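Biologist: Hi! Could you walk me through this one?
Modeller: Happy to, let's look at it together.

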Amino acid sequence: WSDPLRRLFGQVILVVILLAGIPRGAVAVTIAPFTQDPAPAVPLEPSPPTVEAAPLAVQEVLATATAVAAGGAHTCALTGSGRLQCWGYNLNGELGRGFASGQFGTAQDVLDHTTGVQAVGAARSHTCALTNAGLPGGLVKCWGRNSSGELGRGTSGGVGDGTPQAVIGLPLGATGVSAGGFKTCALETGGDVVCWGGNAYGALG
């Protein structure tokens with residue numbers, strides 16, 4: 001039986017027992033109608049995030065885009081003038097704004113990357129860019145979360161760093177960069193592919 005039925009049956013038995021010991025006509029008995037206990041309040045779950053199942057134009061990308069990279073919860077676009085802009089989640093500094101907090105629904109300029117950027121790669125919580133400054137090839141810089149050493153700074157750990165910094169160990173620079181999950185790979189000027197960061201499933205080769 002359900003709990004309400006058990007309670008109702010128990011009340012009926014109790015009334016019968018009480019009435020059995022009272023002389024007829026000695027007292028009038030009023031039986032209140034059974035009312036079910038109110039259901040406990042259940043907290044409402046937050047509404048699911050808004051989704052768009054068809055492409056929409058991105059707002060505030062200020063020049064013609066030539067490349068785009070989508071990460072875990074952020075996106076970046078490279079414009080024809082070599083300007084890099086990112087938008088979305090920034091708790092790990094993945095937007096390259098110089099800090100690690102907040103979220104931005106419009107395109108934001110990456111710190112010190114308003115010109116000269118050649119390529120961009122976005123991963124779960126970090127971003128990397130290839131610039132044309134200072135080396136025979138291009139200079140690779142990364143920013144964001146560094147839990148597995150994916151920023152290429154020789155260390156791992158930390159919540160995140162929103163300031164782009166050069167990857168160590170690429171003396172001749174690179175001609176390409178790609179980021180995914182907790183790792184980053186670059187194509188060196190001499191043609192070698194090098195990777196760093198998390199090596200789950202042998203992802204670093």
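Modeller: One term before we start: a disulfide here is a pair of cysteine sulfur atoms within 2.5 Å.

Biologist: Good. And what should I know about the model itself?
Modeller: This is a predicted model, so local features need pLDDT of at least 70 and side-chain atom pairs count only at pLDDT 80 or more, while totals for chains, interfaces and linings use all residues. Residues are numbered from 1 along each chain as its sequence is written, and side-chain values use heavy atoms, with hydrogens and water left out.

Biologist: How many disulfides does a search of the whole structure find?
Modeller: The search finds 3. Counting bonded cysteines along the chain, they follow the pattern 1-2, 3-4, 5-6.

Biologist: Which residue does Cys76 join in a disulfide?
Modeller: Cys76 is joined to Cys86, with an S to S distance of 2.0 Å. Cys76 sits in strand β2 and Cys86 in strand β3 (residues 84-89), so the pair ties together parts that are 10 residues apart in sequence. Strands here are DSSP runs of E with at least two residues, helices are runs of H or I with at least four, and both are numbered from the N terminus.

Biologist: What handedness does the link of Cys76 and Cys86 have?
Modeller: The link of Cys76 and Cys86 is right-handed, with 105 degrees about the S-S bond.

Biologist: Are Cys76 and Cys86 buried or exposed?
Modeller: Both Cys76 and Cys86 are buried. Buried means under 20% relative accessible area, exposed means over 50%, and partly exposed is in between (1.4 Å probe, protein chains only).

Biologist: And where do Cys128 and Cys142 lie?
Modeller: Cys128 is in strand β6 (residues 126-131) and Cys142 in strand β7 (residues 139-144), 14 residues apart. Their sulfur atoms are 2.0 Å apart. The torsion about that S-S bond is about 110 degrees, so the disulfide of Cys128 and Cys142 is right-handed. Cys128 and Cys142 are buried.

Biologist: What about Cys185 and Cys195?
Modeller: Cys185 and Cys195 form a disulfide too, with the sulfur atoms 2.0 Å apart. The link of Cys185 and Cys195 is right-handed, at 105 degrees about the S-S bond. Cys185 belongs to strand β10 (residues 183-188) and Cys195 to strand β11 (residues 193-197), 10 residues apart.

Biologist: Why does Cys195 count as partly exposed?
Modeller: Cys195 has 25% relative accessibility, so it counts as partly exposed. Cys185 is at 19%, which means that Cys185 counts as buried.

Biologist: Let's switch to the sheet. What is the strand order in the open sheet of 4 strands?
Modeller: The order is β1-β2-β3-β4, with antiparallel pairing. At the edges are β1 (65-70) and β4 (103-109), each pairing on one side only. Two strands pair if DSSP finds at least two bridges between them.

Biologist: Over how many bridges do β1 and strand β2 pair?
Modeller: β1 and β2 (residues 74-79) pair over 5 bridges, in the antiparallel sense. In that pairing, Val68 stands opposite Ala77 in β2.

Biologist: Next topic, salt bridges. What's the count?
Modeller: The count comes to 2, where a salt bridge is a side-chain nitrogen of Lys or Arg within 4 Å of a carboxyl oxygen of Asp or Glu. In one of them, the side chains of Asp109 and Arg83 meet at 2.7 Å, N to O. Asp109 lies in strand β4 and Arg83 in the loop between β2 and β3, so this pair ties together parts that are 26 residues apart in sequence.

Biologist: Which residue forms a salt bridge with Arg153?
Modeller: That's Asp161, and the closest N and O atoms are 2.7 Å apart. Arg153 is buried, with a relative accessible area of 18%, whereas Asp161 is partly exposed at 23%.

Biologist: I'm curious about His113. Where is it found?
Modeller: His113 is in the loop between β4 and β5 (117-122). His113 is buried, with a relative accessible area of 0%. Leaving aside neighbours within four places in sequence, the contacts of His113 include Arg83, Leu84, Trp143 and Pro164, where contact means heavy atoms within 4.5 Å.

Biologist: Last one: what does the secondary structure of the protein chain come to?
Modeller: The chain has 1 helix and 11 strands. Of its 205 residues, 32% are buried.
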